[in-house]
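Here is a short briefing for a reader new to this structure. Take a look at the model, then follow the points below.

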Amino acid sequence: MTALSAPLTVAVVEDDPRIRRLIEDEVVDEGHRVECFNSAEGFLEAITPDRFDLVLLDLLLPGMTGLDCLLALQALPTAEQPTAPVIVVTALNDGDMRDQVLKAGAQEYILKPDLFLRLPDLLMQTSKRPTVEP
């Protein structure tokens with residue numbers, strides 16, 4: 001478990017309940033809080049600027065895709081945009097899509113098999129980000 005002073009709140013946007021549960025368990029095992037959403041629409045309804053410290057966003061969601069969700073976040077007025085980094089997590093190994101989501105505001109594009117190896121470091125990096133004061 002990663003030793004941190006304060007737990008993060010991580011949003012997990014994933015439609016597959018098995019994968020969502022695996023990610024949730026791993027984040028909790030690392031000492032953090034999780035809020036799960038099974039759709040981009042549900043996540044967008046819940047988002048506020050400082051509600052989450054990190055967002056793990058599936059790319060291939062039913063309805064609104066992860067890319068559409070990123071574009072919707074960018075379209076929000078600046079004061080309403082989340083300050084949390086968004087990590088796109090996907091099974092799609094596609095360089096063109098990777099470029100699109102990074103251009104749309106994602107901090108990283110991670111393949112699902114690699115997520116569990118990278119998650120402790122992502123959480124540690126996120127915990128070291130300076131907080132933004134209003």
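Helix 3 and helix 4 (residues 95–103) pack at an angle of about 20 degrees, and their axes lie 9 Å apart. Axes are lines fitted to C-alpha atoms, for helices over the stretch in contact, and angles run from 0 to 180 degrees between N-to-C directions. Helices (H or I, at least four residues) and strands (E, at least two) are DSSP runs, numbered from the N terminus.

This is a predicted model: local features need pLDDT of at least 70, side-chain atom pairs count only at pLDDT 80 or more, and totals for chains, interfaces and linings use all residues. Residues are numbered from 1 along each chain as its sequence is written, and side-chain values use heavy atoms, with hydrogens and water left out.

**The helix pair**

- Helix 3 and helix 4 are therefore roughly parallel to each other (angles under 35 degrees count as roughly parallel, over 145 as roughly antiparallel, 65 to 115 as roughly perpendicular and the rest as oblique).
- Helix 3 passes helix 4 in a left-handed crossing (the near helix is turned anticlockwise from the far one by less than a right angle; clockwise would be right-handed).
- Leu 67, Leu 70 and Gln 74 of helix 3 make the contact with Met 97, Gln 100, Val 101 and Lys 103 of helix 4 (contact means heavy atoms within 4.5 Å).

- An open sheet is formed by 5 strands in the order 2-1-3-4-5, with parallel pairing (two strands pair if DSSP finds at least two bridges between them).
- Strand 2 (33–37) and strand 5 (108–111) are the edge strands, and each pairs on one side only.
- Neighbouring strands of this sheet are turned by 20 degrees against each other on average, direction ignored.
- Strand 1 (residues 9–13) runs parallel to strand 2 and is joined to strand 2 by 5 bridges.
- Thr 9 stands opposite Arg 33 in strand 2.

**Helices on the sheet**

- Helix 1 (residues 17–29) packs on the sheet and touches strand 1, strand 2 and strand 3 (54–58). The direction of helix 1 makes about 165 degrees with that of strand 2.
- Helix 3 (residues 66–75) also packs on the sheet, touching strand 3 and strand 4 (86–90). The direction of helix 3 makes about 140 degrees with that of strand 3.

**The whole protein**

- The protein has 5 helices and 5 strands.
- Along the sequence, the pattern reads β-α-β-α-β-α-β-α-β-α.
- The C-alpha atoms fill a box of roughly 35 × 35 × 25 Å, taken along the principal axes.
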